[in-house]
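Me: I've got a model open and want to check some of the labels on it. Can we go through them one at a time?

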Amino acid sequence: MKILIADDDNLSRLVLASNLKKQGHEVVAVDDGLRALEAFHNGHFPMLILDWLMPRMDGLDLCRQVRKLQREYYTYIVLLTSLKGKSNYLEAMAAGVDDFMTKPFDADQLACRIHVAERIIDLQWRVAEGTRELRQKNEQIEKDLKMAHELQMALLPQYFPSIPPGALPTESAIKFRAS
């Protein structure tokens with residue numbers, strides 16, 4: 001999986017990137033939120049791992065910007081921060097973060113959380129693909145219905161002959177036949 005890391009601490013960023021590469025992930029690492037947003041605009045990253053406190057744009061602002069983009073495929077966002085506590089956790093979740101981990105991170109715990117993220121991303125991808133297929137099939141049905149309508153209209157006569165007065169049976173004649 002391709003993962004974008006944004007962390008202004010060089011050592012944290014290098015340790016995290018090295019750990020993720022050992023797990024087999026493709027990693028792009030940047031040192032602030034604005035660079036991360038630029039990288040995100042220029043590539044496809046199913047997962048972001050963000051530090052909260054960064055210069056120019058912090059992790060929560062970056063998360064909010066990513067969520068506003070409404071891309072076709074979901075981006076799973078993990079906030080990796082030294083900030084702790086329920087209020088910080090709740091603030092991060094309200095900003096659109098999917099997972100919250102405190103620094104220093106535990107490599108095994110991070111690997112497990114990435115595995116969960118991969119399952120969620122895969123499920124979302126399958127839903128998006130199914131939706132796209134349904135949309136295409138619906139469009140084809142609409143085209144087929146339009147063509148059937150046009151064919152039916154072409155088979156109808158262009159005008160209907162007028163029926164002379166007295167040619168249709170009266171109501172009393174219909175009742176007489178029914179008895």
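Me: Where does Arg56 lie, between which strand and which helix?

Reply: Arg56 lies in the loop between strand S3 (47-50) and helix H3 (59-68). Helices (H or I, at least four residues) and strands (E, at least two) are DSSP runs, numbered from the N terminus. Before we go on: this is a predicted model, where local features need pLDDT of at least 70, side-chain atom pairs count only at pLDDT 80 or more, and totals for chains, interfaces and linings use all residues. Residues are numbered from 1 along each chain as its sequence is written, and side-chain values use heavy atoms, with hydrogens and water left out.

Me: Why is Arg56 called exposed?

Reply: Buried means under 20% relative accessible area, exposed over 50%, and partly exposed in between (1.4 Å probe, protein chains only). Arg56 has 57%, so it counts as exposed. Its phi is near 70°, a positive value in a residue other than glycine.

Me: What makes Gln70 exposed?

Reply: Its relative accessible area is 68%, so Gln70 is over the 50% cut-off. Gln70 sits in the loop between H3 and strand S4 (76-81), and has a positive phi of about 50° although it is not a glycine.

Me: How many disulfides does a search of the whole structure find?

Reply: It finds 0. A disulfide is a pair of cysteine sulfur atoms within 2.5 Å.
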